[in-house]
Amino acid sequence: MIDNKKETKLVYRTIQRHLISSPNLKPAYDIVQQIIHIFAKPAFYEISNKCNLKCEGCYYFDPSVFKSEPLENEIFSNNWEKLLASESKRGVTMPYFLGAEPALEEKRLIVAAKYFKRGNIGTNGTVFLSSEIPFRISISAWAGDETDDIVYRGGKALHKALKLYKNDPRAIVLYTLNRYNITQTKDIVKLSRDNGLPITFNLWSPPKNLLLNSNKSINLSFRNEDLKKVRETLNEMIESFPDTVIYSHKYNQWSTASGPLYDLDSQGIAKDCASRLKGNFAYYGLDLQKKDFKCCTSSIECSECRLYSGGWSSHFSPKEEQIRTIKDFSQWIDMILTIGRIFLRKEIDTKAFLNNENINYKDIIV
């Protein structure tokens with residue numbers, strides 16, 4: 001995020017100059033503004049401490065941060081709707097529902113749909129959610145090969161999820177790449193395409209516990225040569241499957257750079273990650289109280305973090321070097337439009353999608 005007022009003014013002037021010299025970008029930029037507004041006040045809600053899988057390096061159950069909170073279903077249910085009403089009144093624009101596995105608490109999601117028209121559910125996809133729930137359903141995928149699926153996740157998940165959500169307009173596949181499953185990317189993309197689902201990508205990032213106890217788990221972390229392979233692979237997927245893959249060349253370049261992606265403070269905490277819990281950004285635990293976590297996935301070491309949630313949102317406010325030229329500016333526009341396509345549904349947020357402005361999507365990339 002941009003904190004320096006001088007840089008903020010410089011960014012604003014640069015954008016205005018580009019829009020004057022390239023007015024064809026104005027309609028796309030207007031949509032970008034709509035998308036940024038939608039994500040202006042996000043909030044995370046834990047709604048489950050149960051899961052039917054046991055994923056390698058699970059972020060939720062990481063022992064360095066996980067604390068099992070007592071969960072009385074009746075107490076939660078009685079106060080859940082009260083919290084949702086308060087959050088809706090507070091003006092939350094993008095709710096994220098998570099847990100362990102939020103789909104195991106379907107009734108809570110149905111209640112949430114009374115207060116929010118949009119939202120995002122992070123799920124393994126093995127439980128089908130009622131059509132009463134309008135939110136974006138992000139189905140996590142770790143491997144196309146069923147044997148590897150069992151190794152990484154403790155059970156066969158992907159093929160069941162694809163069958164359950166085939167052609168469902170709410171669903172998108174989120175493939176998390178690690179050091180060992182890069183070669184399965186094309187297979188996953190084809191499976192998504194054949195089941196009528198779009199796909200996007202996430203880069204596995206190690207929880208602190210695994211960094212401290214590397215001998216106790218499979219080391220899925222990327223080396224520099226792996227990041228290079230990821231970049232090449234995902235660039236190929238973007239070009240080869242334009243109707244299925246929702247991703248950005250520019251974001252792919254940024255997220256696969258070697259070394260830390262963020263500016264770290266003296267304690268190693270990212271200063272410029274937009275998933276930091278501050279300002280309007282709130283995170284509620286199972287006790288329905290706000291948490292003082294550093295970010296939405298606090299088990300992850302910031303220096304190693306390449307998660308898509310913080311990564312994408314950290315580009316809403318561009319730095320001056322990101323928009324210096326018309327090409328830079330158009331690539332930044334493409335990134336924000338891509339965020340909209342990943343997290344939003346066209347049926348819900350019509351104005352956040354470029355094709356409603358009768359513009360050829362490829363024309364904006366100079």
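Here is a short walk through the core, the cavities and the cysteines of this structure.

What you have is a predicted model, where local features need pLDDT of at least 70 and side-chain atom pairs count only at pLDDT 80 or more, while totals for chains, interfaces and linings use all residues. Residues are numbered from 1 along each chain as its sequence is written, and side-chain values use heavy atoms, with hydrogens and water left out.

Let's start inside. In soluble globular proteins, nonpolar side chains tend to be buried together. A nonpolar core here is a set of buried Ala, Val, Leu, Ile, Met, Phe, Trp, Tyr and Cys residues joined through side-chain atoms within 4.5 Å, and buried means under 20% relative accessible area with a 1.4 Å probe, protein chains only. The largest such core has 91 residues, and Phe39, Tyr45, Trp80, Phe97 and Phe201 touch the most other members. Its top contributor is helix α12, residues 326-343, which puts in 10 residues (helices are DSSP runs of H or I, at least four residues, numbered from the N terminus). Apart from this core sits another one of 9 residues, including Tyr262 and Cys302.

Take a look at Tyr45. Leaving out residues up to four places away in sequence, its contacts (heavy atoms within 4.5 Å) include Trp80, Phe97, Phe116 and Tyr284.

A cavity is a set of points, on a 1 Å grid over the protein atoms alone, where a 1.4 Å probe fits but cannot get out; its lining residues have an atom within 4 Å of a point. Grid points are joined across faces, edges and corners, and a volume is the space filled by probe spheres set on the points. There are 2 cavities of 30 Å³ or more. The largest holds about 110 Å³ and has 15 lining residues, with Cys273, Ser275, Lys294, Cys295 and Cys305 nearest its centre.

Which cysteines pair up? A disulfide is a covalent bond between the sulfur atoms of two cysteines, taken here as a pair of sulfur atoms within 2.5 Å. The whole structure turns up 0 disulfides. Cys296 is in none, and the nearest cysteine sulfur, that of Cys295, is 5.3 Å away. Cys296 is buried, at 10% relative accessible area. Cys305 is buried too, at 13%, and its sulfur lies 6.2 Å from the closest cysteine sulfur, in Cys273, so the two are too far apart for a bond.

Note on methods: Buried < 20%, exposed > 50% of the residue type's maximum accessible area, 1.4 Å probe, protein only. 1 Å grid on protein atoms, 1.4 Å probe; cavity = no way out; pocket = protein on both sides within 12 Å on 5 of 7 lines; lining within 4 Å. Helix = DSSP H or I, 4+ residues; strand = E, 2+ residues; numbered from the N terminus.
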